[in-house]
Amino acid sequence: MLHYSLAKLGRAAGRAKGTKAELPPVQARLAGEKEYYAALRSMLAEMARETRESIIPLYQLEIERKRAQPAVTVDAEPNWFNRIGLLRMALVRIASNTVDRILNLEGLRHTENFMAAAKRALGIDIRAVVRQEDIEDYVREAIARNTSLITGLSDDLQKRIEQAVYDNSIAGNSVKTLRKTLMDQFGIADRRAKLIARDQMGKFNSDLNRIRQTQAGVTSYVWSTSHDERVRERHRKLDGKTYKWGEATGAEQGLPPGQPVQCRCIARGVVEF
Ligand SMILES: [Zn+2]
C-alpha cells in the first residue's frame with residue numbers, strides 16, 4: 001500500500017533522477033525485548049509460586065495418607081489444578097496487557113526513528129506524510145499474535161505441571177522427586193519465554209521496517225547482518241544482497257531479514273530517485 005513516494009520527495013528536494021540512496025535501518029531495541037521477557041517471567045514465577053503453595057501440599061498430604069493406610073489408594077485429582085487454572089487466566093491478562101503496551105510504544109518509537117532516518121540520510125522531512133494510523137492495523141494483529149503465544153506458553157506450562165504431578169503420583173515418588181521434575185518444567189518454560197520475547201520483538205521490528213518502506217514506495221532493500229560472530233552462516237552469505245520486497249530470499253523459507261527465528265538481520269531500504 002503506497003502512501004507517498006520518498007523518491008518523488010527526494011527529487012523535489014534536489015536529488016538527481018536515476019541516483020540511489022540507502023535508508024539507515026531502524027534497529028530493534030534490546031530494552032523492549034527485556035521488558036517483554038520480564039513480563040513473561042513474572043507470569044511463570046507466579047505459576048511456580050502457586051504450584052508450591054497449593055499443589056505440592058496436596059501431594060504431600062496424599063503421600064502421608066498412603067503411608068498411614070496402604071490399602072487406600074488416594075491419587076492426584078483434577079481439582080488440584082483448579083486454583084492454578086483460574087490464576088493462570090488472570091496472569092495471562094496481565095502479561096498480555098504489558099506486552100500490548102510494549103508493542104504500542106515500540107510502534108511509536110519505530111515511527112519516530114523511521115522519520116529521523118529519512119531526514120538524516122536523505123534530508124527529507126516526512127513528518128507531514130507519515131501517520132501513526134498507517135501501522136495501527138498491523139500493531140493490532142501483532143498484539144493478537146503475541147497474546148496467543150502468551151496464552152500458549154502458560155497453557156503448556158500448566159499441562160506440564162499436571163503431567164509431572166500425575167506421573168510422580170502414579171510412580172509413588174517423594175515430594176523431593178516431584179519438585180525436581182517441576183523445576184525442569186519451569187526451566188523449559190523460561191527458555192521458551194526468552195525465545196518468544198526475542199523472536200517476537202525482532203519480527204515486530206522487521207515487519208515495521210517492511211511496512212514503512214513499502215508505504216514510502218521503497219521496492220527493494222539490501223540484506224544487512226549484524227556483522228558479529230552470532231550471525232548464522234546462511235545469513236552471512238546474504239549480507240549486501242539486494243532483494244525486492246515480496247521476493248523470496250536465500251534465507252529459511254525465502255523469508256526477509258528479521259523473520260527467520262532469532263534472526264537479527266535487517267533490511268536497508270533502497271530509494272531510487
Ligand atoms: Zn539473520
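The exercises below treat a predicted model of one chain. Residues are numbered from 1 along each chain as its sequence is written, and side-chain values use heavy atoms, without hydrogens and water. Local features need pLDDT of at least 70, side-chain atom pairs count only at pLDDT 80 or more, and totals for chains, interfaces and linings use all residues.

**Exercise 1.** Determine whether the end-to-end distance of helix H5 agrees with its number of residues.

*Solution.* Helices are DSSP runs of H or I with at least four residues, numbered from the N terminus. H5 covers residues 175–215, which is 41 residues. The expected span is 1.5 Å times one less than the number of residues, so H5 should span 60 Å. Its end C-alpha atoms lie 59 Å apart, in agreement. Just after H5, glycine 217 has a positive phi of about 80°.

**Exercise 2.** Classify the packing of helix H4 against H5.

*Solution.* Axes are lines fitted to C-alpha atoms over the stretch in contact, with angles from 0 to 180 degrees between N-to-C directions. H4 (residues 136–171) meets H5 at about 170°, the axes being 10 Å apart. Angles over 145 degrees count as roughly antiparallel; the pair is therefore roughly antiparallel.

**Exercise 3.** Identify the protein donors of the zinc ion and their spacing along the chain.

*Solution.* Donors are N, O and S atoms within 2.8 Å of the metal (3.2 Å for Na, K and Ca). They are His235 (ND1), Cys263 (SG) and Cys265 (SG), at 2.1 to 2.4 Å. Their spacing is H-x27-C-x1-C. Water is not among the atoms, so sites may look incomplete.

Technical notes: Helices (H or I, at least four residues) and strands (E, at least two) are DSSP runs, numbered from the N terminus. Angles under 35 degrees count as roughly parallel, over 145 as roughly antiparallel, 65 to 115 as roughly perpendicular and the rest as oblique.
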